[in-house]
Amino acid sequence: MLELQRISKSYPGVDALRAVSLAVGAGEVLGLVGENGAGKSTLIRIVSGAERPDGGRIGFEGEPAAFASPADARARGIAVIHQELSLVPQLSVRENLFLGAGWSRRGIVRRRWEEREARCLLGLLEMDIDPDTRCSELSLGARQAVEIAKALALEPRLLILDEPTAALSPREARALLCQVRELARQGAAAIYISHRLEEIEAVADRVAVLRDGELVRSIDRRGPAAGDDGLAPLDRDELIEAMVGRSLSAEFPPRLPAGIGETRLEVRGLSAGRRVRDVSFDIRRGEILGLAGLVGAGRTDVARMIFGAAAPDRGEVRLDGTRLELRSPRQAIRSGICLLPEDRRGHGLVLSRSARANFALPNLDRFRRPGGVVDRRREGRAFSRWREQLDIRLVRAGQRVATLSGGNQQKVVIARWLERGATVVLCDEPTRGIDVGARYEIYEWIRRMASEGKAVLLISSELEEVLGMSDRVLVMHEGRIRGEIADPARADPAGVLRIAAGIERSEKPSVA
Amino acid sequence: MPEEKGGRAGRWRRRLLDVLGRNLSVVVLVLLCLISSAATWREQNPITSRSGAAVARQVLEACQAPCSVLIVARDTEADRVFAAAIEQGLDAGAARIAGRVFGQPRDVRLELERIVGAGASVDAIATHRIASEWGPVRTAGTPVFAPGSYHWPTFLTARNLLNVVNQNADIAIIALGMTLVILTAGIDLSVGSLLALAGVIAAVTAQEWFGGAAASPAGLLAAMLLGVAAAALGGLLSGTMVTAFRVPPFVATLGLMMLARGLALILAVGHQRRLVGGGAEGTPEAVRVEAAVFAWLGNGAVLGVPNPIVLMLVLFVAAHLLMTRTMFGRYVYAVGGNVEAARLSGVPVTAVLLAVYCLCGAFAGLAGIVDASRFEGGRPNAGELYELQVIAAVVVGGASLAGGRGRIAGTLIGAMIIAVIQNGLNIAGVASYEQKVVFGALILAAVLLDRLQPKIASRRARMTRASTSTPVQ
């Protein structure tokens, strides 16, 4: 039904997809797996018309297709269910189902027809929901189901589900999987993307593994070895090997010989709802502690709570033995904690201001003269010093930070905390969206900060990065710390991924 | 870097366009001034002390001494200044003043009759262009001296320009505070009402607490400060609503707008009741301040520049320094540009927002004091619909309603643009209904520009990024 031939796509500094060829037939569910950044999202964006490939051909239902926009793809029968819900909470289920779909007759809503159709659609999914319930009153799982019903209302030929169970409870997730299978039985095609391998095993006829923008493995489960459900059992270890694949190479700067000192940061029993449960760990002077796990495992929440940006329900944090209040980032910064946020553009920088103003923002008290006046000369000197040291490339001194490349933006954030002289550095996905050259420089700076006696927490979804950079790695799964790897340089990435995926629960430092 | 097309000339043209694009509001202001000047190109008959002195010189040159001169002028302040200058000039020479007329053509005839009846004669009449056309002057049979006329745009006279700025000084002062609020992506609809409240409170306290007609300057100052403080408190209230209770600024300040207006009216009516002794009607009137010094702020002048303009300029300079040189200014821009990033950078977001709304209220209060002083009393109905004019001034001045972008200097220019348009249309004789249409169109154009600017900026950014991205190793 859908046929991709040698699709390529590159962004500045990254080849997101390299000549990927893939096909999905009618009645088939294709499971798509891969690490973060392997190219899954890009692939979906291309298939759904949100992005155009640089090279390659797309065929849909036997014809060449070049979708100009998501609306175009939708009109051809391709429906995407995103991770983020797209329902209007104030409207009823029925109203949401037919929103924007043009089901009216001369502008007048065909209410009776809608009601019948809504019941039919929800019945199809075996959902016991009154179509006149407001969406805001539904559980997340029910809302996800409505989302799917909404996609089904279009009678799609191809359904794409991108991490659809991220917000669902296990029971709701199981129901969703049954729905997808049912749909395939009726002759539609589906692409199912998930980090959760057990879901892939339950739903996919065929599994494709992406790594670094390439299709590295395709497993067909139909055939002689098939079990009762018509599908051969999936070898998860094989999948994980394929996803990780690479050996750790010397892409990381060497460890500096400063040595690790006494305990600097103590985190005890940090908890926040379902996202973070009883997280405890220590970071010592000069240590880089890696925090591995899948997206949504609660790692960012942990960092934000230490930084005072989110309030924990329970737990405490001590810095050099003194208990911290955790009330606001302002306080955290004053005590010497700093954060390189995951969402650099949204949380790290004021894009409308210059690189220099962004650098100075948390440091203004250091450049102040009586009366709250900023000493611009001192500010300028400090900025040019770090600009030189970090090699931040600007066209003009007053250049807006929005116009910088990702690497230079991250360096501005690092520069501000270096100037601040922080003692604890929380790095949340520090190299996301940064090209290879700048990436190495940022690794060097993380190393250097550790060697100066700072305690560094490194959150990364890239296994290689977190293993290659850290002195010790903790693995989180669904809000809990599930494992500790004492010697990450020689750890087996697949083992880490197994813990992160919740397949293996034991605390077992695996060595390759 | 894209290939430069058109060589050096093209580059210069691009650079010029770039500079003009960055300072679009200045360009618009200059254009508007030019248009207003062209539209008001008139014959000028200045009635000033300088033209009076010139007439006196003419008379002395033409007449044989001793000659007696009749001075004719209308009964206006400018005419009296003019006449006084003539008299001073004549006294310096050998001429004698036969008489002075301040009034109508009829008064000239009566005066001439009186002089002739007394047996004296008139050798010359010194007057201005307008009175020289009067019947009794023309038919008096004596030489008439008047200053020469010339062509010059009425708009572009010092008097008119000072007048334009003076009349809009209160709008400009409020626009300062509004700029801060809009920079944080907020809005303040209560400024017009706070203006009225501050004026009324200053007037009522001046009358009732600080001695009325006998109030000392210190007492009046205290009354004015009370008015400003009340307005600042109002701003603090909306700031609290916005920060602590997360009420959208539009709604919070809409509430305060009605509340403050109501309070101003209640206070004014209450004062009236106390004056009359009980049973006064509930129609609000201005609260008159009897102490004469009270009017100085609104009507006095320093070195010929009206006080409101002086105050406005001082406040603009102060606000400009505040926003460009201090931590507070940096914080305001950061909060407006990206609240979350500001918070995570340790900016005390709540305190900044509170201060911004409080300052905006205080500026509105100051404008209210200027207004009250100008009208020698607090008017509870003052400042109606000011909020919209002020917002228009800020937006026209280049601030983005989405926050984070805008400058104090831009706001000054925006306020002046609005003032110039109003004045230009007035002088050009455009009726007030048409003026509204022009205003509306102007504001829409300004907001449209605001919408288009990010697109242009992002195009420029893409070009810059392409040329600076770090090379891949």
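The legends below describe close-up views of a predicted model.

Local features are given where pLDDT is at least 70 and side-chain atom pairs only at pLDDT 80 or more, while totals for chains, interfaces and linings use all residues. Residues are numbered from 1 along each chain as its sequence is written, chains are lettered from A and ligands numbered from 1 in the order in which they are written, and side-chain values use heavy atoms, with hydrogens and water left out.

**View 1. Aromatic pairs of chain A, including A:Phe60 with A:Phe67 and A:Phe98 with A:Trp113.**
Over all chains, the structure holds 6 aromatic pairs. Rings of Phe, Tyr and Trp (its six-membered ring) pair if their centres lie within 6.5 Å; planes under 30 degrees apart count as stacked, over 60 as edge-to-face and the rest as tilted. A:Phe60 and A:Phe67 make an edge-to-face pair, with 6.3 Å from centre to centre and 75° between the planes. Both A:Phe60 and A:Phe67 are buried (buried is under 20% relative accessible area, exposed over 50%, partly exposed in between; 1.4 Å probe, protein chains only). For A:Phe98 and A:Trp113 the ring centres are 5.7 Å apart and the planes are at 55°, so this pair is tilted. The pair links distant parts of the chain, 15 residues apart: A:Phe98 is in the loop between α3 (93-97) and α4 (111-124) of chain A, and A:Trp113 is in helix α4 of chain A. Helices (H or I, at least four residues) and strands (E, at least two) are DSSP runs, numbered from the N terminus. A:Phe98 counts as buried because its relative accessibility is 6%; A:Trp113 is buried at a relative accessible area of 18%.

**View 2. A:Phe359 in an aromatic cluster and in the largest nonpolar core.**
One aromatic cluster is formed by A:Phe359, A:Phe367 and A:Phe383. Contacts of A:Phe359 (heavy atoms within 4.5 Å), not counting residues up to four places away in sequence, include A:Phe367, A:Phe383, A:Trp386 and A:Arg416. A nonpolar core is a set of buried Ala, Val, Leu, Ile, Met, Phe, Trp, Tyr and Cys residues joined through side-chain atoms within 4.5 Å. The largest such core has 174 residues, and A:Phe359 is among those with the most contacts inside it, as are A:Phe281 and A:Ile446. Apart from this core lies another, of 60 residues, including A:Leu176 and A:Val466.

**View 3. Arginine ends over aromatic rings in chain A and chain B.**
A charge sits over a ring if NZ of Lys or CZ of Arg is within 6 Å of the ring centre and within 35 degrees of the ring normal. The charged end of A:Arg448 sits over the ring of A:Trp445, 4.2 Å from the ring centre. In chain B, the charged end of B:Arg80 sits over the ring of B:Phe102 at 4.5 Å from its centre.

**View 4. Strand β3 (residues 29-33) of chain A, mostly covered.**
Of the 5 residues of β3(A), 5 are buried. A:Val29, A:Gly31 and A:Val33 lie on one side and A:Leu30 and A:Leu32 on the other. Two strands pair if DSSP finds at least two bridges between them. Strand β8 (residues 189-193) of chain A runs parallel to β3(A) and is joined to it by 4 bridges, with A:Tyr192 as the bridge partner of A:Gly31. Strand β9 (residues 206-211) of chain A is also parallel to β3(A), with 4 bridges; here A:Ala208 is the bridge partner of A:Leu32.
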